[in-house]
Amino acid sequence: MIGGFVVWVGGTRVNLGHLRHSSVYPHKATNAIQTSFPCSLSHIHLRHKRRNPIAPRWRSQQNEATDDTDATSSTSQDDASKKKYQLPRLTVESEHYEQLSAIAEQQGVPVSALADTVLSEYLQEMERGLFGKAGRTSVSFISPEERNYDAVLFDMDGVLCDSEILSRLAAATMFAQCYNVRVKPEHFAAFTGQGEEKFLSGVAHMYNVPNFDPVVAKERFFDIYISQYALSGKLSTYPGVKDLIAICKKVGLLVAVASSADRIKVRANLLGIGLDEQIFDYIVESDQIARKKPHPDIFLQAAKGLGVDPRRCVVIEDAVAGVEAAKSAGMRCIAVTTSLSADHFQSVSPDVIKEHPGVITIADILGFENLQGSCNDDDDEDEKQQ
């Protein structure tokens, strides 16, 4: 628990620091990034159900509950001594559910109504973290029964940030400095999305670089990329990307990063574009996965970490290998042409092709025709400056 976010409910001070994020609980994979959004709000898992908030019908993960129960309880598979209570939109450990119940009783409101207040505060705090203020996006929640997908998996380079060209420039600099070999940055395009080792080794093989050491080369590449590009102010995100993340969360979708990049680069990229990693429900990087894209492993791990059926995940990718991996995992896939032209994706048949991530709509993600998620037009200029 970090700090403890305070919500005022009917004059009562409620500390939300004890709520756990159920996308990593009880699924405590050792490689999971167990996030704690600033003010502890990412401990709230939006388990949205179409339920009346005052007289909800509760459902546990395993059994249907009766209509008159306040919440269902179940025991974590990895710790039989810990119980968790499943509210319509929150998962709370037993001891803290009792505290939440006591506050609700004091105020004369159902626990579910208090939970709705917590959810509202979470969404507002999420927008403050992304945009500096709440109310940036406007979109309605869509219940799981009305949609076919529960999670969006974002690739990093070329999707969350405009980093592919910068990566190629850093790699070319590394070859010039370490091996005295001049390579063309565009030659790295063929190895996009397959992890840094393949990214560098592929070009080294193309140029017959003598005494090439992929481990040393990768370390030097990271030094150059992070110092000269990622954290130098040259890295940017695409306009509309933060809005897309916020809209996905408000609709009720989980969001994750599933990147072929190593952990050090993923974290530097997020820091460089000012996107707090804790907004994501799960993060998986290349160094956690043995088989890289186009194998589906990285996306399957993300789905497992989120506790979501792979068939109910949507991937956003900029590389052919990434689209292949998503399709092999049985997931819907949206390709963006930030790194490659649309012609490159014809052979792998993504479900949707877009110019860049910022123009992807919630309709594109869910496969709906007439669904809109919008942001406040007055804030468009602020987004362009970020």
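Which residues form one aromatic cluster?

1. Phe175, Tyr179, Phe188, Phe199, Phe212, Phe221, Phe222, Tyr225 and Tyr229 form that cluster. This is a predicted model, in which local features need pLDDT of at least 70 and side-chain atom pairs count only at pLDDT 80 or more, while totals for chains, interfaces and linings use all residues. Residues are numbered from 1 along each chain as its sequence is written, and side-chain values use heavy atoms, with hydrogens and water left out.

2. The structure holds 9 aromatic pairs (rings of Phe, Tyr and Trp, the last by its six-membered ring, with centres within 6.5 Å; planes under 30 degrees apart are stacked, over 60 edge-to-face, and the rest tilted). Among them, Phe199 and Phe221 make a tilted pair, at 6.1 Å centre to centre and 55 degrees between the planes. Phe199 belongs to helix 4 (residues 196-206) and Phe221 to helix 5 (residues 214-230), so this contact ties together parts that are 22 residues apart in sequence (helices being DSSP runs of H or I, at least four residues, numbered from the N terminus).

3. Phe221 is buried at a relative accessible area of 0% (buried is under 20%, exposed over 50%, partly exposed in between, with a 1.4 Å probe and protein chains only). Phe221 also forms a stacked pair with Tyr225, at 6.0 Å centre to centre and 25 degrees between the planes; the two are 4 residues apart in helix 5, and therefore separated by about one helical turn.

4. Tyr225 is likewise buried, at 0% relative accessibility, and the charged end of Lys265 sits over its ring, 4.8 Å from the centre (NZ of Lys or CZ of Arg within 6 Å of the ring centre and within 35 degrees of the ring normal).
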